[in-house]
Amino acid sequence: MPFNQKPQKFNASINTVEIGCGDKAIKLGGECTFPFYTFDAPMENAPKIGVEVSDLGIASNIPGIQKFYEGASTIGEIAKKAETMEGADFVCLRLEGGDPNGEDKSIDELIEVVKEVAEAVTCPLVVEGCKNVEKDTELLPKVAEVLQGKNALVMSAREENYKAVGAAAGLAYNQKVGAESAVDINLAKQLNVVMTQLGVNGQDIVMNVGSAAVGYGFEYVVSTMDRIKGAALSQNDNMLQMPIITAVADEAWSVKEAMATEEDMPEWGPLEERGISMEVQTAAAVLASGSDAVILKHPQSVATISKMIKELM
Amino acid sequence: MALTGIQIFKMTPKKNCKECGCPTCMAFAMKVAQGALEISKCPYMSDEALAELSEATAPPMKTIKVGTGEGEYTLGGETVLFRHEKTFVSKTRYAVSICTCMDDAAVDAKIAELQKVDYDRIGERMHVEMVYVNYEEGADKDRYVEMVKKAAATGKTLILGCKDPEVAKAALEVCKDGKPVLNGATAANYAAMNDLAKEAGVVLGVCGADLNEIYDTVAALEKAGNKNLVIDATGSSVKEAYANAVQIRRAALKDQDRTFGYPTIVNTAAIAHGDRNLQQALASLFTVKYGSIVVMETLDYAEALPLFGLRQNVFTDPQKPMKVEPGIYALNGADENSLCLTTVDFALTYFVVSGELERSGVPCNLIISDAGGLSVLTAWAAGKLSSTSVATYIKENVEDKVKCRKLVIPGKVAVLKGDIEAKLPGWEVIVAPLEAVQLVKFLKDLTA
Ligand code: SF4
């Protein structure tokens with residue numbers, strides 16, 4: 001008596017959101033199964049990988065990253081290099097220099113950076129703010145404006161500034177909008193509800209439901225994503241059917257395991273290896289939990305995760 | 001699958017003797033079906049009836065034990081597919097593989113290396129728990145047995161990856177007391193392997209070309225009376241391994257197909273041979289999705305630190321937060337004169353805060369008192385973090401050990417400053433910023 005295979009069919013699916021234009025445009029989401037459950041139904045679109053670059057340039061002390069970007073000095077050159085990374089589908093520009101507690105770059109200066117990157121790359125572009133709510137509220141609408149016609153993803157609208165960011169990116173300038181919440185299904189849903197009430201098309205929203213490096217409260221990430229995908233597919237909850245994008249690099253490279261020096265932790269071995277491991281394993285775990293796109297930074301992490309996705313498809 | 005009252009009634013002796021406390025056997029059967037009474041309350045049930053009933057009421061996934069002593073691990077016994085429904089109970093265990101295809105020097109190096117990772121993370125010992133000793137068809141039997149001996153000498157629990165009954169027999173001779181897993185039953189050899197596993201009293205691993213073959217072999221072994229099994233879900237590719245691991249677990253828990261109600265082994269060394277990074281990606285994937293034992297070619301500190309952290313997270317009780325032990329944690333080489341900071345014992349808070357403090361490079365004493373494993377605001381709201389709790393802990397556990405009299409409290413409970421100062425004469429209380437990420441700058445400014 002052979003095994004009685006019982007595929008799990010859902011009469012619902014995750015929205016498909018297209019980012020970028022032309023040949024290199026990518027589609028996020030579209031699946032009607034749990035992650036990589038290709039034995040239930042084919043997965044519409046493979047999860048995508050973005051390469052993170054920053055307006056601060058290559059601040060990294062990681063040899064593999066420095067080597068990869070060798071010869072690139074302007075942000076345009078860096079971004080151009082990033083899109084050639086093996087396995088990369090899009091580039092994610094982080095405007096961290098805007099942080100008032102950091103470099104506090106002016107909005108004009110940051111917009112110049114965005115323009116330069118947009119001109120340099122042909123792949124889809126995701127732009128992240130500086131995480132300071134007030135600054136982002138002012139900055140991100142201008143980013144949406146300057147990227148008109150590029151069909152970019154603007155990250156992120158949050159509870160505090162979704163009106164300004166959502167209206168500019170989603171309504172005025174026809175971009176895709178990232179909706180960022182803090183690892184909680186209800187917060188994620190609530191933000192989608194208010195954004196759509198504002199008039200933003202639900203089909204133009206990509207969720208960033210937050211993340212953590214593995215080992216750092218990652219159970220909340222797993223459960224939040226499990227529950228969101230469960231509600232989206234089995235209850236057809238269209239306020240949770242937006243694809244999910246996860247900024248892995250930022251979390252993975254800022255925990256102790258990826259930062260402690262070799263002098264402090266001799267038995268742990270090379271710092272670069274530790275950072276790659278943290279990034280690769282965190283990315284694999286968020287993809288296993290339902291993320292439709294991950295943002296990474298080390299070339300080896302991008303190549304590895306790209307290979308894993310290909311093998312699973 | 002649950003039995004109905006009528007089905008249970010048919011198994012009773014129908015004596016209506018009332019010894020079970022019920023007026024009739026029928027009434028008793030109904031209560032048992034509802035779960036209100038135990039079948040053992042009737043002293044007259046036949047052994048066959050008891051066996052059938054215990055089978056019917058058995059959990060959907062068996063709990064299998066491997067290894068002995070400190071190296072004894074419980075696999076399986078899961079009841080849910082998603083951790084928010086209920087706690088995952090049996091942690092994924094990690095094995096490093098050695099193989100007859102490696103030369104002696106490589107085997108020795110690997111055995112030495114796999115013992116290096118050994119550390120503590122929130123009260124849990126983290127180390128490579130198992131060694132997978134792989135036998136390639138046609139390799140020398142004696143050499144394999146020697147490898148098994150070397151692996152057994154590490155004290156780790158073994159998995160013998162061997163499909164040749166004669167070789168397996170010789171290997172079991174030298175390691176069976178350690179309760180290894182014999183991973184190598186197939187459709188072709190299961191009868192011989194079953195005899196070996198039963199005689200040695202070890203768990204038998206079932207392999208097969210596809211899910212149907214595995215399914216049939218498990219069914220045949222069960223029929224032969226062996227339910228002490230694990231299933232090798234590896235298959236021939238990454239895609240197949242994932243499809244197998246998910247479908248085996250789902251069939252058992254969602255569709256109540258007990259033939260697949262066993263723990264699984266996923267051997268990443270076989271499907272991502274020589275690709276360390278892909279193997280660690282897969283180890284992470286199969287920790288989240290349904291691998292009971294994950295085999296890798298290496299597991300050094302770089303790979304272990306995230307992997308064991310992930311496992312610790314995924315296998316926590318969703319109702320019970322992880323806690324760190326109360327105490328004084330000296331960071332960045334702090335001594336009795338270094339600045340004191342305090343926060344709650346919620347593991348996540350501790351990790352975030354201690355991570356930022358370490359990043360600052362400023363020597364400091366992080367004081368953790370018992371706050372019920374809650375985050376700062378929740379603990380404060382629940383009365384578990386108060387001026388009294390902080391002051392009492394400091395008086396009883398800190399004042400005699402630390403000379404510094406400056407205490408930094410979490411920004412979110414700035415309101416406690418006055419009260420703590422009143423209750424702790426001689427201490428200066430300083431309020432930290434609201435978010436942990438601001439700690440580095442704050443500390444640098446404070447100690448500048
Ligand atoms: S003890 Fe057993 S035999 Fe007697 S009434 Fe109860 S069920 Fe029937």
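Buried area is the accessible area (1.4 Å probe) that two parts lose on being put together, summed over both. The model is predicted: local features need pLDDT of at least 70 and side-chain atom pairs count only at pLDDT 80 or more, while totals for chains, interfaces and linings use all residues. Residues are numbered from 1 along each chain as its sequence is written, chains are lettered from A and ligands numbered from 1 in the order in which they are written, and side-chain values use heavy atoms, with hydrogens and water left out.

**Figure 1. The interface of chain B and chain A.** About 4,500 Å² is buried between chain B and chain A, 60% of it on carbon and sulfur atoms. Contact (heavy atoms within 4.5 Å) involves 49 residues of chain B and 49 residues of chain A. Four salt bridges are found across the interface of chain B and chain A; a salt bridge is a side-chain nitrogen of Lys or Arg within 4 Å of a carboxyl oxygen of Asp or Glu. Arg250(B) forms a salt bridge with Asp40(A), and their closest N and O atoms are 2.7 Å apart. On the side of chain B that touches chain A, the elements giving two or more residues are α8 (211-223), α9 (238-253), α11 (276-288), α12 (301-314) and α13 (347-360) of chain B. The most comes from α12(B), with 10 residues. A polar contact is a pair of N or O atoms within 3.5 Å; within protein, one must be able to donate a hydrogen and the other to accept it, and residues adjacent in sequence count only if both atoms are side-chain atoms. Helices (H or I, at least four residues) and strands (E, at least two) are DSSP runs, numbered from the N terminus.

Figure 2. The structure holds 19 aromatic pairs over all chains. Phe10(A) and Phe34(A) form an edge-to-face pair, 5.6 Å centre to centre with 90° between the planes. The two residues are 24 apart in the chain: Phe10(A) is in the segment before β1 (16-19) of chain A, and Phe34(A) is in the loop between β2 (26-29) and β3 (48-54) of chain A. Rings of Phe, Tyr and Trp (its six-membered ring) pair if their centres lie within 6.5 Å; planes under 30 degrees apart count as stacked, over 60 as edge-to-face and the rest as tilted. Phe10(A) is buried at 16% relative accessibility, and Phe34(A) is buried at 7%. Buried means under 20% relative accessible area, exposed over 50%, and partly exposed in between (1.4 Å probe, protein chains only). One aromatic cluster is formed by Phe10(A), Phe34(A), Phe36(A), Tyr37(A), Phe39(A), Phe82(B), Tyr242(B) and Phe286(B).

**Figure 3. Charged ends over the rings of Phe68(A) and Tyr216(A)****.** The charged end of Lys81(A) sits over the ring of Phe68(A), 5.9 Å from the ring centre. Over the ring of Tyr216(A) sits the charged end of Arg121(B), 5.7 Å from the ring centre. The rule requires NZ of Lys or CZ of Arg within 6 Å of the ring centre and within 35 degrees of the ring normal.

**Figure 4. Surroundings of Asn192(A).** Asn192(A) is found in helix α6 (residues 185-197) of chain A and is buried at 0% relative accessibility. A polar atom of the Asn192(A) side chain lies 2.9 Å from the backbone oxygen of Met239(A). Not counting residues up to four places away in sequence, Asn192(A) touches Ala179(A), Ile205(A), Met207(A), Met239(A) and Met242(A).

**Figure 5. The salt bridge of Glu31(A) and Lys229(A)****.** The side chains of Glu31(A) and Lys229(A) meet at 3.1 Å, N to O. Glu31(A) lies in the loop between β2 and β3 of chain A and Lys229(A) in helix α7 (residues 218-234) of chain A, so the pair ties together parts 198 residues apart in sequence. Glu31(A) is buried, with a relative accessible area of 3%, and Lys229(A) is buried, with 2%.

**Figure 6. Two salt bridges within chain B****.** Asp108(B) forms a salt bridge with Lys150(B), with the closest N and O atoms 2.9 Å apart. Asp108(B) is in helix α4 (residues 104-114) and Lys150(B) in helix α5 (residues 141-152) of chain B, 42 residues apart. The side chains of Lys403(B) and Glu336(B) meet in a salt bridge at 2.7 Å, N to O. Lys403(B) is exposed, with a relative accessible area of 53%, whereas Glu336(B) is partly exposed at 35%.
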